[in-house]
Structure formats: C-alpha cells, structure tokens
Amino acid sequence: MIVRVDGGPHGLFGAAIADQLAELVDRVDRDPGVHAVVFTGAHPERFVSHADVRWLQEGGAAVPSVGPRGASAMARTARGVDRARVLGPVFRKTPLWPAVQLERLHETFMRMNSSGVVFAAALNGSALGLGAEFAWANDLRVMADGDFFIGQPEVLLGIMPGGGGSQRLPRLIGTHKALLAILEGKPFTPAEALTNGAVDDVVAPEKVIARATELALHLGARPKGSVAAIKRAVYFGGSMSLTDGLHAERAEFLARALSDEGQELMLDYLETTAADGELPLYNPDTYQAALESGRVSRS
C-alpha cells in the first residue's frame, strides 16, 4: 500500500493526520493481505514538514506550567485515559487532552514497531521535528537526493522532541551523534543521513517511491507473523537488559515455532532435506530463491 501524507500547503502533521494514521495502522495490521506500507509526502518537496505548531501551542496553552515531575504524572494519567477509550471524550475539554493526544501518537508509532507489516518512509523531500520522528518510526527510510534535510530542530523553539526523536534517533545512529544533533538542532543532508545510518538509501527524487517500495516488498514477503515477532524482539527486547531481552526473544521464538505456519515450513524443510540428501540452505539456488520469495519452499 502506498500512502500519501497530505498536510496541506505547508505539509504539516496535525491532529487529523494523527487520527488517520492510527486508523490506518490498525487496519493494515489486521489485514492478512497487506504486508508492506510505503508513506510519502503529498507536498512536492517535503515528506512531512513538522508538527502543526499551532496544534502544539494551543494544546500547551490550555495546560498550566508544570515541572518534570508534574509532567510525568500527567503523562501517566494520559496513558490510563487512553487505554480506557470510553473516557476519552470526557477529557477533550480538559487540560489533560494534549497529553492524551501525545500518548495516542506514541501508541500509533509503537504499533508500527510491533506490526507484521513492514513500514517504509519514502522521503520525497525534507522532514523536520515530528516529520523526522514519523520517519524514524518506520522500519525503512529512503531519502531523495538533493537540497533536502531531515532532523530535530525543537531546541530552537524552546522545546524538545516529543514524538520519539530522543529515543529512536539514538537507536539508529548512536547516542552521542544523536545527542549533538538534537542539542544543536541542525538537520542532516541526505548524504549525512545515509552515512550516519539515519536513512537506508538515497536515490534520485523520481526513484524514491519505487526504491522504498522495492525494499518494503522484499522484507514484507517474509511471513507476517515472523516479521511481527522479530520487530518486537528487536525494537523492544533490544532496549531491555540482556536477561529480559533474551526472555522476550524466547517467548517470541516459541510462539512462532509452535505456530501452524512455522511447523509447516519446518516440516517442508525436513522433507526437502530427506529428498535431496542436502540441507536446503546449503544449496545456493534454494537459498537465493528463499531470499527472493521470503521463505524456504520446495516450490
């Protein structure tokens, strides 16, 4: 599925797009026929410019100034409100609503990270702030070459990343590089983003969607249940202690090994070994076919 993110004439990410994105992620995650989603910007030179600043400012103006401890309590309350969706409409008219909206956006990005769908950002142009954070939340990023940029400028507005940039960018490029980039507020050029590992490829603008689609379809050809399990183990288990991360891996592994699909493919592998007298993954042609199709299969 190719999705164009239309943030209006300035390419902004606001409340309406956040709601639409949440609905789309839920829908494709449940649809067994959708294995890959490619996001690109409707703006001719921007993927997503950044968050709608008016959305952020008006939400902030409705809330009394609080310190880190008070904000932490507000965030915990917002999580509880978000999980009890029936209460959500009640809080739309309270100062807590901005925190609930932020919690829901984080949950949407987390669902992308735990989904069996492969999400790819086809960066047809620049992305700052929440636009960059949206890109970091994808599994793959392909950026158009040219006079474009991607990064976190929030410090220059007296705020900080709020859509996951302080957590996902360090996991992509390393803590120190991310810290300096976020502190300075200076974005990466396409070449710098590629060198740092913030994007996976840089291509000519007219090829960005095709390249992102190619990569997303290649990885999306793998069994959807296995893709989801691997993403959860890497995204979430990789942030835990080694002991807890290994426990997360064991749980995901056992679930897949006991699944109907896992059992079927492993039995097929054993039957092929018996029939050919060799392990299928040590047959170069079989291995190459498996990489292309997404699974080891006699057919």
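Q: Helices are DSSP runs of H or I with at least four residues, and strands are DSSP runs of E with at least two, both numbered from the N terminus. Which strands does helix α1 lie across?

A: Helix α1 (residues 15–30) lies across β1, β3 (36–41) and β6, and runs at about 160° to β3. Such angles run from 0 to 180 degrees between N-to-C directions, with axes as lines fitted to C-alpha atoms, for helices over the stretch in contact; contact means heavy atoms within 4.5 Å.

Q: What sort of model is this?

A: The model is predicted; local features need pLDDT of at least 70, side-chain atom pairs count only at pLDDT 80 or more, and totals for chains, interfaces and linings use all residues. Residues are numbered from 1 along each chain as its sequence is written, and side-chain values use heavy atoms, leaving out hydrogens and water.

Q: In what order do the five strands form the sheet?

A: The order is β1-β3-β6-β8-β10, in an open sheet with parallel pairing. Two strands pair if DSSP finds at least two bridges between them. At the edges stand β1 (2–5) and β10 (201–203), each with a single partner strand, so one side of each has no neighbour in the sheet. From one strand to the next, the twist averages 25°.

Q: How many bridges join β1 to β3?

A: Four bridges join these parallel strands, and Val3 has Phe39 in β3 as its bridge partner. Strand β6 (residues 118–123) is likewise joined to β8 (residues 140–144) by four bridges, in parallel; there, Leu123 partners Met143 of β8.

Q: And which residues of β1 are on its covered face?

A: Val3 and Val5 are on the covered face, whereas Ile2 and Arg4 are on the uncovered one. In a regular strand, side chains alternate between the two faces of the sheet.

Q: Changing topic: how many aromatic pairs are there in the whole structure?

A: There are five. Rings of Phe, Tyr and Trp (its six-membered ring) pair if their centres lie within 6.5 Å; planes under 30 degrees apart count as stacked, over 60 as edge-to-face and the rest as tilted. The rings of Phe109 and Phe134 have centres 6.0 Å apart and planes at 10°, so this pair is stacked.

Q: Where do Phe109 and Phe134 sit in the chain?

A: Phe109 is in helix α5 (residues 97–114) and Phe134 in helix α6 (residues 130–137), 25 residues apart, so to speak of the pair is to speak of a link between distant parts of the chain. Both residues are buried (under 20% relative accessible area, with exposed over 50% and partly exposed in between, using a 1.4 Å probe and protein chains only). Phe13, Phe39, Phe47, Phe109, Phe119 and Phe134 form one aromatic cluster.
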